[in-house]
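Please keep the model open while you read this note. The points below go chain by chain and then turn to the contacts between chains.

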Amino acid sequence: MSIVTRRSAITGFGIALATPPLAIPALAQSGDVFRIGLILPMTGPFASTGRQIEAAIRAWLRANPAPIAGKRIEILLRDDTGVAPDVTRRLAQELAVRERVQALAGFGLTPLALAAAPIATEAKLPMIVMAAATAIIPSRSPFILRTAFSLPQATAPIAVWAQRAGIRTAVTLVTDFAPGLDAERAFKERFTAAGGSVTAELRTPLRNPDYAPFLQRVRDARPDALFIFVPSGEGAPLMRQFAERGLREAGIRLIGTGDVLDDDILNDIGDSALGAVTSHHYSAAHDSAENRAFLAAYAAQAPGQRPNFMAVGGWDGMHLLAEGLRRTQGNTDGERLVAAMAGQEWISPRGPVRIDAQSRDIVQDIYIRRTERRDGQLWNIEFDRVERVGPMG
Amino acid sequence: MASAITVLLDGVAAGMLLFVLSVGLSVTLGLMNVVNLAHGAFGMLGGYVCVVLLNRLGVPFPLALLAAAAAAAAMGFVLERLLYVHIYGRDHLTQVLFSIGLVFIMGAVADWLMGARTQLIQLPSWLSGRMEFAGIGLGRYRLFLIILCGFVALALHFGLVRTRFGARLRAAVDDGVVARGMGLPVGRIFSITFALGSGLAGLGGALGVEILGLDPNFPLKYMVYFLVVVAVGGANSVAGPFLAALLLGVVDVAGKYWIPEVGAFIIYTAMVVLLLARPQGLLARAK
Amino acid sequence: MSAALETRGLTRRFGAFVAVDAVSLRVEPGARHALIGPNGAGKTTFVNLLSGALAASAGQVSLLGRDVSAAPQHLRVRLGLARTFQVNQLFAELTAMQATTMALAERAGLGAIWWRPLFGMAGLRAEAQQLLDTVRLPDAARHQRTASLPYGRQRLLEIALALAMRPRVLLLDEPAAGVPPADSREVLAAVAALPRDVAVLLIEHDMDLVFRFAERITVLAFGAVLADGAPSEIARSPAVREAYLGSTEVAHG
Amino acid sequence: MILLHAIPWAGALAGYWLFPEQLPLLSAIAIAALFAVSLDLIVGYAGLVTLGQAAFFGAGAYTAGILAQQGWGEPFSGLLAAAAVAALLGLISAPLVLRAGELAGLMVTLGLGLMLYEAANKAAAITGGADGLQGVEMWPIFGLYRFDLWGRTAYLYSLAVLFVLFMLARLLVASPFGWSLRAIRGNARRAPALGVPVKARLTAAYVIAAAYAGVAGGLLAQTTSFASLDALSFQRSADGLLMLVLGGLGSLYGALLGAVAFTVAHHALSEASPVFWQFWLGIALVALALAGQGGLLGLARAAIARLRRR
């Protein structure tokens with residue numbers, strides 16, 4: 001080791017701090033390309049979320065090949081593995097600084113979205129949250145707009161419905177992270193306000209959950225219904241064990257948000273899902289021209305797969321960005337884009353939606369669905385609907 | 001009381017499954033002194049084989065299980081001959097590097113072939129549902145797991161004690177140099193044992209699809225559990241890992257049932273305490 | 001005057017097996033003392049009890065008049081007890097110079113210093129050279145990885161490392177074991193040249209060496225002291241002949 | 001010799017001007033390198049293999065993060081606090097790890113790491129649980145240099161901390177203390193017979209390595225204004241070990257090289273192929289393990305030796 005090296009490096013450090021580095025041009029560049037930095041969990045435990053959203057976005061691009069306000073849309077996809085918020089943040093930073101993207105999109109889970117929020121603020125980039133569902137997310141940056149849903153929003157209607165359906169006592173079972181806690185809180189609030197009582201609140205770990213012991217507790221507690229929220233993809237083992245443990249035979253009804261009966265895996269869950277009642281903003285079985293177009297576009301992109309509520313968030317996110325771009329007539333200034341997108345209303349494959357101008361969060365209809373078999377396949381069939389539910393339920 | 005017994009039996013079933021998945025790792029560690037973090041990848045392979053045969057080709061479940069074990073054993077045999085032989089005798093960290101690399105490769109290939117989704121199977125009707133004895137309920141599949149895995153454990157134990165191969169295996173574990181000197185084909189014993197361990201992992205992976213879930217992340221997700229079983233149980237025996245796996249299963253399930261607030265904390269605490277109390281493994285005699 | 005090294009009723013059990021059974025032994029300052037006994041007599045266990053590598057089941061060890069029964073190995077070393085091993089225990093990746101310098105630093109109480117380079121300590125380097133001179137390790141061998149040295153050379157390093165501790169009492173566990181005859185002369189010369197003020201306890205199979213070297217001999221059998229006295233007495237003792245010299249098991253290793 | 005040492009650091013500094021758009025990645029590399037150095041001290045020099053080094057990394061990250069969240073955003077004192085907390089944790093856990101012996105000790109490090117992960121997960125009121133620590137606000141360095149979007153300040157700050165701690169580590173491994181660690185790793189039976197207090201030295205090394213990891217974690221929290229559970233995850237410990245083995249164990253530059261190679265490969269592969277990058281990373285790891293010879297640094301040395309012989 002040498003003193004000389006150390007000294008020269010220290011001087012170097014001093015110079016570096018004293019002189020400004022190469023001037024970096026303004027972040028948002030104009031041109032004929034609109035670059036969107038898409039950050040999704042493409043590998044790791046939440047990979048299916050990323051795959052659904054990416055497929056939906058590619059499907060949207062196929063269906064809308066024409067330039068928008070003179071701009072061709074380009075997607076830069078990055079994998080944040082779903083479990084490393086610091087990576088999400090770094091990727092957002094790089095996309096902003098190096099790739100000069102004009103919008104950020106994706107964001108599979110709450111911690112990932114929260115970690116990236118300050119970057120959106122600082123870089124003044126619209127950030128479209130297509131999946132993460134904790135209520136607080138849009139409040140973390142004035143540049144965040146959400147096309148997914150929020151858990152209080154999806155939860156409140158089922159709590160009210162449960163009360164109407166004669167359910168008096170319920171146990172909640174949620175995954176122990178922010179969205180789960182949101183769902184637990186929202187359900188309890190609405191359900192007790194309507195006169196029901198929550199007799200136990202159970203939380204399962206985010207990783208490596210084994211639902212057997214929790215479900216055994218539910219069985220012992222003998223409520224009228226079990227309310228569940230688990231992240232997309234986790235629903236299958238839970239439903240299986242619900243059936244195996246004989247909870248249905250014990251007279252316990254299964255209710256929950258639609259995450260648990262995700263369209264992506266619904267058919268694999270099989271008969272144990274039949275009869276479950278859930279509330280959500282999207283079902284692939286939704287009957288509308290917009291949804292049929294979406295299903296067709298998705299099938300062309302990912303043959304043999306069914307889009308789920310994650311996919312619709314991606315699809316609508318693209319629609320929102322495109323509309324924003326049209327309204328600014330191709331101006332990609334972040335603040336103007338956000339202003340143009342906030343307050344938008346349109347008919348999405350899920351039904352009518354609106355981006356609330358103040359909160360920048362989504363306002364949408366929430367459907368009550370029952371899982372049924374139609375034409376040899378399982379579907380979440382919508383049979384009731386609460387209109388224009390706000391992000392806080 | 002009845003639910004306490006149900007919980008206990010659930011734990012036993014989970015533990016038994018864990019045993020079948022990890023026992024191969026403990027033998028390879030004891031015999032070849034190889035830290036094989038890719039062990040779970042053989043479990044994953046078994047799981048996928050089972051899923052494909054069952055869901056796409058309609059093969060009966062027992063046959064699918066056998067095929068899963070056979071496929072994983074074959075894969076284990078090939079990889080052992082092709083790759084693992086080169087890392088015997090290398091330091092443990094190199095083996096870690098190697099086997100983690102293998103996990104990445106196999107995970108990516110599984111993803112490429114089967115997608116990132118969680119895979120599910122439909123159990124035959126004779127294994128679905130639940131039965132009750134004297135108020136104690138137990139899922140049929142869990143009962144099936146207990147019986148099958150218990151049988152596997154017994155077969156392994158007696159195989160090791162009673163058969164000629166078992167005797168040779170034990171000799172090779174005790175002292176490879178001496179065993180070589182006595183003219184035992186240590187290399188072939190290694191191959192067969194490795195294939196056997198991988199096959200068992202494949203069987204465990206297939207059995208575990210219903211309980212543990214299956215996706216390309218499987219080997220990494222459960223790696224820590226396998227390591228815990230081996231460390232707590234000690235290498236070189238069947239009974240040690242068996243007890244460790246049972247304990248792990250029961251403590252995990254019981255902890256989640258009675259004190260869910262503590263979560264996974266309890267299982268790691270139990271592991272650390274056991275390791276400090278019995279560093280050589282559960283059944284090792286104090287030195 | 002207190003003994004250099006003394007044990008009273010030193011015992012070590014492994015389960016039901018008594019490896020060392022109530023051994024009382026006195027090594028005088030400056031002594032040339034040998035400890036002999038048939039294979040499995042408990043000699044190496046005994047050395048491990050003396051050095052503190054193993055804990056005793058019962059009995060005491062005192063070093064230069066201080067009770068060290070409860071002291072850990074490194075403290076006994078600091079108090080003046082050094083040892084060599086029957087099978088070389090060296091640092092395969094280090095050179096002889098590195099290992100010896102490191103050992104000297106430890107002996108000088110500098111081992112916890114982290115802010116100065118070891119090889120910036122000129123005094124230690126010179127001392128290490130000197131020490132390797134004493135055991136006659138050739139210059140060329142001093143800067144090679146220890147693992148690449150022939151076994152005889154490694155044996156010299158084994159002794160040099162023990163000497164680096166500046167011991168008052170030195171335990172030599174079969175110093176010539178495993179050394180090819182061609183090289184053993186160097187090892188024996190190094191043993192013979194040990195400073196006279198150091199008490200040496202030699203554990204050995206080679207009777208030639210024992211009788212040439214020792215001024216006092218203790219015979220261990222089945223973990224217990226069978227005989228103790230001057231070489232001539234031992235050579236004449238019928239009990240020793242019976243148990244050891246007379247038996248066909250005057251084995252090596 | 002001096003030149004040889006100057007090259008990597010001059011290169012690292014030049015990166016600031018050469019890759020002005022890649023500074024977040026460069027910061028990540030510097031932090032990974034510091035973490036790899038911490039692992040090298042305990043694994044490469046002292047020979048104590050650990051699977052739980054992330055515990056200290058995470059402890060440092062949360063310490064620095066929580067300090068800044070609670071209104072003390074001064075970076076340097078934050079790092080000191082991170083180092084202190086991690087060192088304290090090391091001091092508490094060292095006796096447990098050393099008590100258990102080789103393989104069991106390894107598993108104890110794993111178990112302790114997992115316990116801390118779960119504890120942080122459950123202590124959501126303090127740590128933010130699975131959602132991560134929100135609201136970390138750093139003050140400018142020396143009151144002058146803000147942590148900016150381009151990551152300029154973050155990179156120079158990380159690099160400077162890495163440089164100082166790296167040089168300190170070099171001093172450490174060249175000292176009698178450092179050599180006694182090599183002796184313990186080389187032969188744990190002989191070292192005590194040379195008067196080396198093995199437990200005390202290993203404890204000291206463990207604590208120092210913990211403090212290093214704590215600083216690395218603190219840097220991550222400060223430069224990203226965020227701390228989350230993955231800082232404590234087994235994955236992080238494993239990645240650190242991979243970097244170390246990749247670069248070459250028991251030489252500090254090996255740790256640097258490994259961190260650079262691993263992070264860059266990881267980044268480049270996942271950018272080129274966001275879905276299947278793990279496949280290529282796996283191939284690289286397997287190939288390197290089979291090639292052997294002390295990681296990249298070993299391969300480089302062997303190559304140089306071969307060239308010289310010609």
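1. Start with the fold of chain D. Read along the sequence, chain D follows the pattern α-α-α-α-α-α-α-α-α-α-α-α-α-α. That comes to 14 helices and 0 strands. Helices here are DSSP runs of H or I with at least four residues, strands are runs of E with at least two, and both are numbered from the N terminus.

2. A word on the basis. This is a predicted model, in which local features need pLDDT of at least 70, side-chain atom pairs count only at pLDDT 80 or more, and totals for chains, interfaces and linings use all residues. Residues are numbered from 1 along each chain as its sequence is written, while chains are lettered from A and ligands numbered from 1 in the order in which they are written.

3. Next, the overall form of chain D. Its C-alpha trace spans about 55 × 45 × 40 Å along the principal axes. The radius of gyration of chain D is 19 Å, which agrees with the value near 19 Å for a compact globule of 310 residues. This radius is taken over C-alpha atoms, and the globule rule is 2.2 Å times the number of residues to the power 0.38.

4. Now the inside of chain D. Of its 310 residues, 67% count as buried. Buried means that 20 or more other C-beta atoms lie within 10 Å of the residue's own; exposed means 12 or fewer, partly exposed means in between, and C-beta atoms are placed from the backbone. Among contacts between residues at least 6 apart in sequence, 77% join residues at least 24 apart. Two residues are in contact if their C-beta atoms, placed from the backbone, lie within 7 Å.

5. Take one residue as an example. Gly65(D) sits in helix 3 (residues 54–69) of chain D. Is Gly65(D) buried or exposed? It counts as buried, because it has 32 C-beta neighbours inside 10 Å. Leaving aside neighbours within four places in sequence, Gly65(D) is in contact with Leu133(D), Val136(D), Ala221(D) and Ala227(D).

6. Chain A has an open sheet. Its 5 strands are ordered 2-1-3-4-5, and the pairing is parallel. Two strands pair if DSSP finds at least two bridges between them. Strand 2 (72–79) and strand 5 (144–146) of chain A are at the edges with a single partner strand each, so one side of each has no neighbour in the sheet. Strand 4 (residues 127–129) of chain A is joined to strand 5 of chain A by 3 bridges. There, Ile128(A) stands opposite Leu145(A).

7. Helix 4 (residues 110–123) of chain A lies across strand 1 (33–40), strand 3 (103–106), strand 4 and strand 5 of chain A. It runs at about 160° to strand 4 of chain A. For such angles, axes are lines fitted to C-alpha atoms, for helices over the stretch in contact, and values run from 0 to 180 degrees between N-to-C directions.

8. Chain C has an antiparallel sheet. It is open, with 4 strands in the order 2-1-4-5. Strand 1 (residues 5–14) and strand 2 of chain C share 7 bridges. One bridge pairs Leu5(C) with Val27(C).

9. Look at strand 7 (residues 169–173) of chain C too. Strand 7 of chain C runs parallel to strand 6 (residues 81–83) of chain C, with 3 bridges. It also runs parallel to strand 8 (residues 199–203) of chain C, with 5 bridges.

10. Chains A and D touch. The contact takes 39 residues from chain D and 40 residues from chain A. Helix 1 of chain D gives the most to the chain D side, with 7 residues. By class, that side has 22 nonpolar, 11 polar and 6 charged residues. Ala, Val, Leu, Ile, Met, Phe, Trp, Tyr, Cys and Pro count as nonpolar, Asp, Glu, Lys and Arg as charged, and the others, Gly among them, as polar.

11. Chains A and B touch as well. Here 24 residues come from chain B and 28 residues from chain A. Helix 1 of chain B gives the most to the chain B side, with 5 residues. Chain C does not touch chain A; their nearest C-alpha atoms are 11 Å apart.
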